[in-house]
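Okay, thanks for coming, everyone. Have a look at the model on the screen, and I'll walk you through it.

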Amino acid sequence: MPTPFTHPVPPFPGWERRVYRLSRPVTEEDIRAFLGNEELYTRETPSGSRAIIHKYGLVEIHLIPGEREAEIWFAPDKGAYPSEYLDALFQTRF
């Protein structure tokens with residue numbers, strides 16, 4: 001069965017992709033909380049519309065309201081910091 005992130009679109013060449021299973025479905029409130037003062041971007045894909053959240057050039061978070069997965073892209077040359085940052089970020093909401 002295809003997931004909502006079947007058609008991956010990397011933000012930059014060489015960035016690595018992970019799909020995280022979440023404890024509950026994503027809400028619009030989650031997206032607003034992750035955004036903070038940043039601008040919301042959306043991307044239309046064959047799988048549907050995605051909310052795109054850029055975080056400090058380290059990670060790009062793709063969320064779809066109602067889904068229990070998040071697609072994460074990160075720069076592998078940044079070491080373990082992006083993974084640690086994501087873990088802390090997701091623990092605040094899920």
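Predicted model: local features only at pLDDT ≥ 70, side-chain atom pairs only at ≥ 80, totals over all residues.

Residues are numbered from 1 along each chain as its sequence is written, and side-chain values use heavy atoms, with hydrogens and water left out.

How confident is the predictor? pLDDT is its confidence in each residue, from 0 to 100. The chain has a mean pLDDT of 85, with 98% of its residues at 70 or more. Going element by element, α2 has the lowest mean, 80, and strand β5, residues 69–74, has the highest, 91. By the way, helices (H or I, at least four residues) and strands (E, at least two) are DSSP runs, numbered from the N terminus.

Which residues of α1 are buried? In this helix, residues 28–35, they are Asp30, Ile31, Phe34 and Leu35. Looking down the axis of α1, those buried residues fall within an arc of 135 degrees, so they line one face of the helix. When I say buried, I mean under 20% relative accessible area; exposed is over 50%, and partly exposed is in between, using a 1.4 Å probe and protein chains only. The arc is that of the directions from the helix axis to the C-beta atoms. And what covers this face? The cover includes β3, β4 (59–63) and α2 (81–91), where contact means heavy atoms within 4.5 Å. After α1 comes Gly36, with a positive phi near 65 degrees.

On to α2. Here Pro82, Tyr85, Leu86, Leu89 and Phe90 are buried. Those residues cover an arc of only 125 degrees around the axis, which puts them on the same side of α2. They pack against β1 (16–21), α1, β3, β4 and β5.

Let's do the rings. A search of the whole structure gives five aromatic pairs. For the rule: rings of Phe, Tyr and Trp (its six-membered ring) pair if their centres lie within 6.5 Å, and planes under 30 degrees apart count as stacked, over 60 as edge-to-face and the rest as tilted. Take Phe34 and Phe90: their ring centres are 5.4 Å apart with planes at 80 degrees, so that pair is edge-to-face. Phe34 sits in helix α1 and Phe90 in helix α2, so the pair ties together parts that are 56 residues apart in sequence. Phe34 is buried, with a relative accessible area of 1%, and Phe90 counts as buried at 8%. Phe34 has another partner, Phe94: centres 6.3 Å apart and planes at 40 degrees, so that pair is tilted. Phe94 is in the segment after α2, so this pair ties together parts 60 residues apart in sequence. At 23% relative accessibility, Phe94 counts as partly exposed. Overall, ring pairs link Tyr20, Phe34, Phe90 and Phe94 into a cluster.

Last topic, charges. How many salt bridges does the structure hold? Eight, counting a side-chain nitrogen of Lys or Arg within 4 Å of a carboxyl oxygen of Asp or Glu. One of them joins the side chains of Glu71 and Arg17, at 2.6 Å from N to O. Glu71 is in strand β5 and Arg17 in strand β1, so to speak distant parts of the chain, 54 residues apart. Is Glu71 buried or exposed? It counts as buried, at 0% relative accessibility, while Arg17 is partly exposed at 31%.

Glu71 also has a polar contact of 2.7 Å with the side chain of Arg50. A polar contact is a pair of N or O atoms within 3.5 Å; within protein, one must be able to donate a hydrogen and the other to accept it, and residues adjacent in sequence count only if both atoms are side-chain atoms. Arg50 lies in strand β3, residues 48–55, and is buried at 1%.

Asp30 is buried, at 0%, and Arg24 is partly exposed, at 27%. Arg24, Glu29, Asp30 and Arg93 are linked in a network of salt bridges.

Note on methods
pLDDT = per-residue confidence, 0-100.
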